[in-house]
Amino acid sequence: MTTPHISSPMDIAPEWIDYNGHMNMAFYSVLFDRAADEFYEEVGLGAAYAATRGFTTYTGEVKIRYLQELHLGQTLRVHSWLIDHDAKRFHSWQEIHAGDGTEDSFLAATAETLALHIDMSGPKVAPFPPDIAAGLDAFEAKHGLAQMPEGGGRAIGIPRR
């Protein structure tokens, strides 16, 4: 894998802990979304883009794999890569990493997302303007994946014999 975009450190909020004593599944999505907001800024797709240009992104599909429990007091960072993009969509891969990079650190979850570029006047899917397409190209050159990561591209289902 190439060098990921690494988010700012994030902490688990006490209200995210469920009756099982670990972080509720809904908040994994929150962490992935907050990290996406950070890399969207680098591409040019941040809040200012939506506010001033009338375009935004919608999530078309997301698949989260929960690999290890997360608990109150853990610090997290989300690593993000671009798998692919075309004129109107991009496909990203993200990983939540818990810990400080020592031997106690671990991969807690992954998310695979297909995002759509939206003309808010429709709303309808629309091509990226040239500057945003160039931003995606640059992001992919720096944080792109040449092949599908382990666990990516899989369908959800129960294998039958």
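**View 1. The hairpin of strand 4 and strand 5 in the predicted model.** Leu-76 in strand 4 has Ala-98 of strand 5 as its bridge partner, and this pair belongs to an antiparallel pairing in which 9 bridges join strand 4 to strand 5 (residues 89-98). The two strands form a hairpin, with 3 residues lying between strand 4 and strand 5. Strand 4 itself, residues 75-85, is mostly covered, since 8 of its 11 residues are classed as buried.

**View 2. Pairing of strand 1 and strand 2 with strand 4.** Strand 1 (residues 5-6) runs antiparallel to strand 4 and is joined to it by 2 bridges; here His-5 has Ser-80 in strand 4 as its bridge partner. Strand 2 (residues 10-11) also pairs with strand 4 in the antiparallel sense, again over 2 bridges, and in this pairing Asp-11 stands opposite Thr-75 of strand 4.

**View 3. Helix 1 and its buried residues.** Helix 1 covers residues 26-43, and its 18 residues should span 26 Å at 1.5 Å a residue, which agrees with the 26 Å that separate its end C-alpha atoms. The buried residues of helix 1 are Tyr-28, Leu-31, Phe-32, Ala-35, Ala-36, Phe-39, Tyr-40 and Val-43. An α-helix has 3.6 residues a turn, so residues three or four places apart point the same way.

**View 4. The residue just after helix 1.** Gly-44, which follows directly on helix 1, takes a positive phi of about 110°, whereas Val-43, within the helix, is among the buried residues.

Notes:
Residues are numbered from 1 along each chain as its sequence is written. This is a predicted model: local features need pLDDT of at least 70, side-chain atom pairs count only at pLDDT 80 or more; totals for chains, interfaces and linings use all residues. Side-chain values use heavy atoms; hydrogens and water are left out. Buried means under 20% relative accessible area, exposed over 50%, partly exposed in between (1.4 Å probe, protein chains only). Helices (H or I, at least four residues) and strands (E, at least two) are DSSP runs, numbered from the N terminus. Two strands pair if DSSP finds at least two bridges between them. The expected span of a helix is 1.5 Å times one less than its number of residues.
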